[in-house]
Amino acid sequence: MGPIDPPARLLMGPGPITVDPRVLRAMSAQLVGQFDPWMTDLMTETSVLYRQVFRTANEQTFLVDGTSRAGIEAALVSLLEPGDRVLVPVFGRFGHLLTEIAERCGAEVHTIEVPWGEVFAPEVLEDAVRRVRPSLVAVVQGDTSTTMCQPLADLGRICRDQGALLYVDATASLGGNPFETDAWGVDVATAGLQKCLGGPSGSAPITLSPLAVEAIEARKHIEAGIREAADEHDEGRRRGTRIASNYLDLAQIMDYWGPRRLNHHTEASTMLYGARECARLLVEEGVDNAVARHARHGRAMLEGVRGLGLEVFGDTAHKMTNVVAVHIPDGVSGDAARAAMLDDFGIEIGTSFGPLHGKVWRIGTMGYNARKDAVLTTLAALEQVLRGFGAPVTAGGGVGAAREVYADA
Ligand SMILES: Cc1ncc(COP(=O)(O)O)c(C=O)c1O
């Protein structure tokens with residue numbers, strides 16, 4: 001067996017995407033002891049950076065080790081006690097994932113659904129919150145399975161009025177679509193690195209409001225072996241049930257990231273380096289500029305696929321900036337065309353799940369690949385592949401339409 005030497009690829013699917021080389025470089029740095037002052041300073045800096053990414057003053061802003069799903073599970077298992085009522089608005093695959101995880105927490109889960117390709121109107125959400133009276137509303141912002149971006153600006157107020165906390169899965173949208181933790185009244189948000197943040201998967205940034213922290217602290221249980229005398233006292237005052245997961249127990253993880261530096265888990269230091277670099281690059285660019293960059297290149301890809309004569313799936317008024325779903329033309333095998341993109345051009349585009357399986361491709365323009373050359377190369381390659389499969393395409397229509405978007409911008 002030889003060393004790892006991956007083929008050159010341009011990852012233009014719905015994530016993961018090609019990692020920013022600066023993030024890869026940061027991840028090749030040597031390890032330092034977990035509680036070395038250099039390392040704990042790095043953790044503090046990482047919290048400072050992610051507060052800017054999430055647009056929040058939340059003290060509790062840190063990383064959960066694991067892929068984005070670890071962040072989601074940490075949030076839900078730490079917030080939900082068995083029997084708690086939860087409302088999950090489902091508009092794609094990841095709404096089903098929130099439902100599934102909340103059910104595993106023993107919560108009483110209520111869902112509302114719209115067809116894939118649509119989002120909820122604010123009045124529909126408000127009616128559901130009033131009817132269900134949940135203690136938590138859990139919702140996805142950008143669902144890559146449908147490419148839709150749920151408007152959330154009113155939901156925090158609605159939840160606050162009804163006494164519910166609001167959890168948002170911003171894995172696929174953060175850094176490429178507007179997201180305002182504090183201004184929108186979001187209590188807990190989680191994300192991942194592998195989409196608009198330009199990193200690999202394996203670390204889940206999270207932020208928690210003081211109200212969410214209070215709810216979680218009430219369930220705090222420090223494990224035996226690292227528990228101290230004061231913890232025994234806290235144990236007696238614990239109001240809620242013990243959090244069902246040890247690894248994803250946010251009460252303990254907050255103590256690990258906080259001044260106490262509780263020895264909970266061994267830090268995934270290489271992921272921490274990568275996550276810090278992702279946030280540092282985003283903050284250096286400016287979060288608004290990064291969102292505008294995603295909007296510009298996403299628009300170019302949208303007009304480009306239309307220029308090729310392809311039909312775009314879903315309500316484009318509510319599309320995420322960073323991914324577009326296109327109907328696979330009649331007579332073209334979706335998988336064979338994706339294979340041709342990969343074999344002949346080294347470009348990966350995405351397949352789809354559930355009701356869209358075999359019907360649409362998903363093409364991403366995010367993170368390091370939200371770039372003009374990546375967009376134009378993908379459109380040029382797609383034209384050739386479609387032509388090879390006998391699909392009617394407008395010669396030069398994709399690249400031409402995208403270049404017009406860039407010229408206007
Ligand atoms: C909106 C959303 N939530 C959650 C996930 C799950 O993330 P991971 O595969 O990193 O656990 C994804 C991954 O694509 C996603 O797009």
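A residue counts as buried if 20 or more other C-beta atoms, placed from the backbone, lie within 10 Å of its own. Strands are DSSP runs of E with at least two residues, and helices are runs of H or I with at least four, each numbered from the N terminus. In a regular strand the side chains alternate between the two faces of the sheet. Because 6 of the 6 residues of strand 10 (residues 203-208) are buried, the strand is largely enclosed by the rest of the structure.

This is a predicted model, in which local features need pLDDT of at least 70 and side-chain atom pairs count only at pLDDT 80 or more, while totals for chains, interfaces and linings use all residues. Residues are numbered from 1 along each chain as its sequence is written.

## Pairing partners

Two strands pair if DSSP finds at least two bridges between them. Strand 2 (residues 60-65) runs antiparallel to strand 10 and is joined to it by 6 bridges; here glutamine 60 has leucine 208 as its bridge partner. Strand 9 (residues 188-190) also pairs with strand 10 in the antiparallel sense, over 3 bridges, and alanine 189 is partnered with threonine 207.

## Contacts of alanine 138

Beyond its neighbours within four places in sequence, alanine 138 is in contact (C-beta atoms, placed from the backbone, within 7 Å) with Leu76, Val86, Val88, Leu98, Ala102 and Tyr167.

Terms used. Contact = placed C-beta atoms within 7 Å. Buried ≥ 20, exposed ≤ 12 C-beta atoms within 10 Å, placed from the backbone.
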